[in-house]
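The sequence and structure come first.

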Amino acid sequence: MTDLRSDFLKVFTDRGYLHQCTDIDALDKAFAEEIVTAYIGFDCTAKSLHAGSLMQIMILRRLQQAGHKPIVLMGGGTTKVGDPTGRDESRPVITDEVIQANMDGIKKVFEKFLTFGDGPTDAIMVNNADWLDHIEYIPFLREYGPHFSINRMLSFDSVKLRLEREESMSFLEFNYMILQAYDFVELKKNYNCSLQLGGSDQWGNIVNGVELGRRTNGFSLFGLTSPLLTTSSGAKMGKTAGGAVWLNEDMLSAYDYWQFWRNTEDGDVGRFLRLFTDLPLEEIARLEKLEGQELNEAKKVLADACTTMAHGVEAAKAAAETARQTFEMGTTAEGLPTLEVPKGELEAGLPAFALFQRCGLASSSSEARKLIKGGGARLNDEKITDEKAQISLADLDSEGRIKLSAGKKRHYLIVPV
């Protein structure tokens, strides 16, 4: 690889996004000389994306910041098939109505990170159901089927790993990589899109699209991937013991989102600042050199920046102040996430483990029981010692609330209604 000319690929490399590229010198030339249109696809399997998708969203943001045009491809069509990548079993089939509801929820996220409009570098959102829902099967097979080798498709990790584990793969799923490749051709025809971006697990699918465009239409297309992201301890990005770290505030409070970033492992602080914030690299270099208690200040900077981007500056300030009062002053702050519970249920009494699961402080009842047994569960700042403990209206504090805590950093207020 020669020295990079384009601002985008320099940033992409310096901030740690680069993993693979089909022809980085030619792509660098294109970025340096013209406005490049690029896309990333997002299937609609839930009502919100989570932090595991944030790197791809940030890549689209970097693209636009460098003066290029992002396409957010909603997988209204491909979600009906289900991406087999990285899965041991088939995704459950979901209805068109659920897919549409999920899409409506996901769309809200991108407005926080990208500028949409009709300008040359404004982002646009496209739904692949617009063409996939209208494919005629036999004509499609005759035109595109000859360009796909079954032998090669069987060698892709998404297929090979499933077969090696003797797990079933349906013919429906097997079609996913063909449809994703076809998406790239359609986006080139209709939007002059010449680059597909994605995680490294999508490399085979991306290369399929590049080659399909060349073989069928003589298109010059590119593929560029980022590494799959795990934490320093090996945990999957975007998941915690309490469940997924959703990007939509109606599924995860701004406070909990702030706490997720504040609790970043020490070894990840610099990397996450580069990937997930707009802070200058010089400032990040200074912050990641901090040690001991001082490193906590860098984590707060990370939490503030990430929460501001996803939820706004006021939400970030409120979350930071709530954390300060809760942890540094030892008080119960108004900004803690709240779960409303029918008063009748609390009159009868609810098992503590069930309530911990219900508000998301534990992902299952067994995990909640384990938390209580291990001494990590608290009720109004007092340790819960009995696994069978009941929580009722008698536990309300002077302000009519119940505070549940999992460890020292995760809290919820229970409010009867």
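A crossing is left-handed if the near helix is turned anticlockwise from the far one by less than a right angle, and right-handed if clockwise. Helices (H or I, at least four residues) and strands (E, at least two) are DSSP runs, numbered from the N terminus. This is a predicted model, in which local features need pLDDT of at least 70, side-chain atom pairs count only at pLDDT 80 or more, and totals for chains, interfaces and linings use all residues. Residues are numbered from 1 along each chain as its sequence is written, and side-chain values use heavy atoms, with hydrogens and water left out.

The crossing of H1 and H3 is right-handed. Helix H1 spans residues 7–14 and helix H3 residues 54–65; their axes come within 9 Å and cross at roughly 145°. Axes here are lines fitted to C-alpha atoms, for helices over the stretch in contact, and angles run from 0 to 180 degrees between N-to-C directions. H1 contributes Phe 8, Val 11 and Phe 12 to the contact (heavy atoms within 4.5 Å), and H3 contributes Ile 59, Arg 62 and Leu 63. Of these residues, five are nonpolar, none is polar and one is charged. In this classification Ala, Val, Leu, Ile, Met, Phe, Trp, Tyr, Cys and Pro count as nonpolar, Asp, Glu, Lys and Arg as charged, and the others, Gly among them, as polar.

Helix H13 (residues 269–276) is mostly covered, with six of its eight residues buried. Buried means under 20% relative accessible area, exposed over 50%, and partly exposed in between (1.4 Å probe, protein chains only). The buried positions are Val 269, Gly 270, Phe 272, Leu 273, Leu 275 and Phe 276. Their cover includes H3, helix H12 (254–262), helix H14 (281–288) and helix H15 (294–311).

Arg 286 belongs to H14. Arg 286 counts as partly exposed because its relative accessibility is 44%. Its side chain makes a polar contact with the side chain of Glu 283 at 2.8 Å. Such a contact is a pair of N or O atoms within 3.5 Å; within protein, one must be able to donate a hydrogen and the other to accept it, and residues adjacent in sequence count only if both atoms are side-chain atoms.

## The five-stranded sheet

An open sheet of five strands runs in the order S9-S15-S14-S11-S12, with mixed pairing. Strands S9 (338–341) and S12 (382–383) stand at the edges with a single partner strand each, so one side of each has no neighbour in the sheet. Two strands pair if DSSP finds at least two bridges between them.

Strand S14 (residues 402–406) pairs antiparallel with strand S11 (residues 377–379) over three bridges. Arg 378 is the bridge partner of Ser 405, and Leu 379 that of Leu 404. S14 is also joined to strand S15 (residues 410–416) by five antiparallel bridges, with Leu 404 opposite Tyr 412. Five of the five residues of S14 are buried: Ile 402, Leu 404 and Ala 406 on one side, Lys 403 and Ser 405 on the other.

## Phe 156

Phe 156 lies in the loop between helix H7 (150–155) and helix H8 (157–164). Phe 156 counts as buried because its relative accessibility is 11%. Not counting residues up to four places away in sequence, Phe 156 touches Met 177, Gly 204 and Asn 208.
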